[in-house]
Amino acid sequence: NEGALYIADIKAHDVRRYPRGNTTGERVAGGNRGGNGLHQLNEPTYITVDTDSTVYVSDSRNHRVMKWMKGAHEGIVVAGHGGYGNNPNQLIMPMGLILDEKNDSIIICDSGNQRVMRWSLQNNTTKGTAIISNIRCRDLAMADDLAIYIVHEEHGVVSHYRKPYRYVENIRCTVKLQFYISSLASCQPTSIVVDNEGSIYI
């Protein structure tokens with residue numbers, strides 16, 4: 001996306017795109033007050049963007065994930081078609097997202113259900129599959145080897161899962177501040193990125 005910055009504004013219920021060097025930005029999703037219409041979002045949290053500038057956003061208070069194509073005036077529900085709940089077609093407070101373009105799917109932190117869901121992006125898909133259970137995740141990232149790293153919502157820990165998504169280890173770090181060294185638990189990480197060399201940024 002040529003270095004553009006995308007920001008989900010939880011208070012304005014929209015997502016804005018800021019091209020490099022631009023301080024005003026443009027709205028690319030939501031912005032019609034908070035609500036549950038296809039043209040609305042309600043407290044969007046995490047986003048991911050594909051190579052066509054299509055935005056995928058965790059519409060947290062509507063318990064769904066929305067797809068907004070470039071220039072669209074309303075979104076498409078791609079996950080959480082059944083609304084609030086714990087069935088395979090439902091989500092509760094979705095958060096972090098991974099767009100897995102190789103498998104034409106999206107991987108979702110289904111925070112309220114303490115699970116990670118994979119949802120196909122093919123037409124007419126209304127149910128997801130749980131690939132990791134019993135984990136209340138805030139954000140997640142995928143490495144080149146398809147391993148998944150998950151930021152826990154409450155415990156300040158990053159967990160490493162290797163495909164077929166079995167637990168490998170918890171990762172802790174120390175952060176050297178001006179006057180003391182803090183553990184990862186004290187840092188309370190909220191987001192994670194894994195680069196092409198496997199380095200983790202929290």
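Visitor: Take a disulfide as a pair of cysteine sulfur atoms within 2.5 Å. How many does the structure hold?

Guide: One. This is a predicted model, where local features need pLDDT of at least 70, side-chain atom pairs count only at pLDDT 80 or more, and totals for chains, interfaces and linings use all residues. Residues are numbered from 1 along each chain as its sequence is written, and side-chain values use heavy atoms, with hydrogens and water left out.

Visitor: Which cysteines does the disulfide join?

Guide: Cysteine 109 and cysteine 137, with S to S at 2.3 Å. The pair links distant parts of the chain, 28 residues apart: cysteine 109 is in strand β9 (residues 105–110) and cysteine 137 in strand β12. Strands are DSSP runs of E, at least two residues, numbered from the N terminus.

Visitor: Is cysteine 109 buried or exposed?

Guide: Buried, and so is cysteine 137. Buried means under 20% relative accessible area, exposed over 50%, and partly exposed in between (1.4 Å probe, protein chains only).

Visitor: New topic. What is the volume of the largest pocket?

Guide: About 470 Å³. That is the space filled by probe spheres set on grid points, which are joined across faces, edges and corners. On a 1 Å grid over the protein atoms alone, a pocket is an open set of points where a 1.4 Å probe fits, with protein on both sides within 12 Å along at least five of seven lines; lining residues have an atom within 4 Å of a point.

Visitor: Which residues lie nearest its centre?

Guide: Thr48, Leu97, Ile98, Leu140 and Ile192, out of 18 lining residues. Strands β4 (44–49), β8 (94–100), β12 (137–142) and β18 (193–194) each supply at least two residues of the lining.

Visitor: What classes are in the lining?

Guide: 12 nonpolar, three polar and three charged residues. Ala, Val, Leu, Ile, Met, Phe, Trp, Tyr, Cys and Pro count as nonpolar, Asp, Glu, Lys and Arg as charged, and the others, Gly among them, as polar.

Visitor: How many aromatic pairs does the structure hold?

Guide: One. Tyrosine 161 and tyrosine 167 have ring centres 5.8 Å apart and planes at 75°, so the pair is edge-to-face. Rings of Phe, Tyr and Trp (its six-membered ring) pair if their centres lie within 6.5 Å; planes under 30 degrees apart are stacked, over 60 edge-to-face, and the rest tilted.

Visitor: What is the relative accessible area of tyrosine 161?

Guide: 10%, so tyrosine 161 is buried.

Conventions: Helices (H or I, at least four residues) and strands (E, at least two) are DSSP runs, numbered from the N terminus.
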